[in-house]
Amino acid sequence: MNNYAEEIQNGQAVLGIELGSTRIKAVLVGTDNQPIASGGYSWENQLIDGVWTYSLDEVWAGVQASYSALKKNVLAEHGVELSTIKAIGFSAMMHGYLVFGADNEQLVPFRTWRNNITGPASEKLGELFDYPIPQRWSIAHLYQAILNGESHVGEITYMTTLAGYVHWKLTGQKAMGIGEASGMFPIDIGSQDFNAGMIAQFDELVQEKGYGWSLKELLPQVLSAGESAGALTEEGAKLLDPSGSLKPGIPFCPPEGDAGTGMVATNSVEVRTGNVSAGTSVFAMLVLEKELTKAHHEIDLVTTPDGKLVGMAHTNNCSSDIDAWIGLLGDAAKTMGADFSTDELYARLFNLALTGDADCGGLLAYGYVSGEHVTGFTEGRPLFVRSPDNRLTLPNFIRTHLFTALCALRTGLNVLFVDEGVEVDEIRGHGGFFKTPVVGQRIMAAATGAPVSTLDTAGEGGAWGIALLAAYMMRADQAMTLPEFLKPVFADSMGAAVEPDPEDVAGFLRFFERYHRGLSIERAAVDAI
């Protein structure tokens, strides 16, 4: 503790902040690259005029609150004031649409990754590029706005993501890490930049509109892990820390998305490694040995923060409906006089799932709080369904909701495992789904058919991942690769992998078949409610 206090006072600690779907988290790491303090802020997206969004005012309220909470934690834990930092990195939810005009004014409300409103654009661009362009990607949002005839398009001078926006305002630099950039527009792995040929194709596609810009002019500069991405300006210091104690001039690493920071936070940046981030949404990323044989709409092609090709199966829904049901059951228990913490509630109910029938006793649920592109839904209706003769028990009920949270993910992974023959040695999990020991790993192993491990530090998530990328930028040996840098960081923190249980796997596959047979029920619910 004394050593950490000295490191903080001497400005040797490194800061990472990630803006997640439901929480903004700040993590400070010491010279050993382990977390030594944290702070956070809870927030929620809003559905306004049919669009999932966050206001930029709340972005800054949340960033400032998380940093302020971190400062208080530093003082409480280490007895020193936080006023200078060795390096900073910002991360956020990938994708989405943030566009600004000539006076840096926001032209339309932030359209987040959660929106499934760009289907025509996604399909057209996918055909044009012969490359998967998911609806979440920034370029799909831009082209859909063009197809919609939205007047703001001609006024755009800069298009970015949430992480890119925050970085820009704090440093003045319109730059982005390659992993985050790969969720805006396709990356050319050879040039480690946006694909110039596809940019030319896009410009030709929209040329008749006469907007006066080329796509390249709207996009940020692409940087790889380890490169410098500017420094905290005086204005940025006041924006991050309104108290005025934080000093400007602190170096920034390239901003990254939650996919990239998840790879780093699970040490999954080498080929044949994979990780699953499971929280509000769930996505699995496998670092590929070679390019896929063809484009698949179910699979995003993104990159690691150091530019390796990654196949990502991404689904919009995971834990939101689970959280709603757990909250309801907790309220019922409290009504009867029970006294417990939230962690205890989740642990007890999640562990019940391991005692349920392998296939959930015939029960079925869809946790579609929002649409789900993998299964063809632009809207969702959370749904629980059973036949009169199904086994409605609490263990089966909980198991059903854990299983269904991973069915859309498995639909996407089948493309990689079955159609493309991708192999993975181990999947490393992080996110709230894995917070209860063993349960999340065992359910994920059943759903993927692969061994699943977690890390002692998995709970720190992407904020720790972006802090590690900031620390990597400041490494003494500039020739050290990112995998080489991460290896000693994770030497003692990797837990034993949970192997797939054959009975669990067989039960999940039966549930998976039921899930796909019942999609027409979900479709009817969307149409009727």
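**Rings and helices, up close**

Tutor: Happy to! Let's start with two residues: Phe-100 is buried, and Trp-168 is buried as well. Please keep in mind that this is a predicted model.

These two rings form an edge-to-face pair, with 5.1 Å from centre to centre and 70° between the planes. The angle is over 60 degrees, the cut-off for calling a pair edge-to-face. Phe-100 belongs to strand β7 (residues 98-100) and Trp-168 to helix α5 (residues 162-171), so their pairing ties together parts that lie 68 residues apart in sequence. Both also belong to a cluster, in which ring pairs link Trp-60, Phe-100, Tyr-158, Tyr-165 and Trp-168.

Now for a pair with another geometry. The ring centres of Phe-508 and Phe-512 are 6.0 Å apart and their planes are at 20°, so this pair is stacked. Here both residues sit in helix α18 (residues 502-517), four residues apart, which is about one turn of the helix. Phe-508 and Phe-512 are both buried. Across the whole structure, a search finds 24 aromatic pairs.

Helix α16 (residues 461-473) packs against helix α17 (residues 482-489) at an angle of about 120°, and their axes are 11 Å apart. The two helices are therefore oblique to each other, and their crossing is right-handed. On the α16 side, Trp-464, Leu-468, Leu-469, Ala-471 and Tyr-472 take part, and they meet Leu-482, Phe-485, Leu-486 and Val-489 of α17.

Finally, have a look at helix α4 (residues 138-147). Nine of its 10 residues are buried, so α4 is largely enclosed by the rest of the structure. The buried ones are Ser-138, Ile-139, Ala-140, His-141, Leu-142, Tyr-143, Gln-144, Ala-145 and Ile-146. Their cover includes the helices α3 (119-129), α7 (196-205) and α8 (215-218), along with strand β8 (158-160). Just after α4 comes Gly-149, which takes a positive phi of about 70°.

Terms used
Residues are numbered from 1 along each chain as its sequence is written. This is a predicted model: local features need pLDDT of at least 70, side-chain atom pairs count only at pLDDT 80 or more; totals for chains, interfaces and linings use all residues. Side-chain values use heavy atoms; hydrogens and water are left out. Rings of Phe, Tyr and Trp (its six-membered ring) pair if their centres lie within 6.5 Å; planes under 30 degrees apart count as stacked, over 60 as edge-to-face and the rest as tilted. Buried means under 20% relative accessible area, exposed over 50%, partly exposed in between (1.4 Å probe, protein chains only). Axes are lines fitted to C-alpha atoms, for helices over the stretch in contact, and angles run from 0 to 180 degrees between N-to-C directions. Angles under 35 degrees count as roughly parallel, over 145 as roughly antiparallel, 65 to 115 as roughly perpendicular and the rest as oblique. A crossing is left-handed if the near helix is turned anticlockwise from the far one by less than a right angle, and right-handed if clockwise. Contact means heavy atoms within 4.5 Å.
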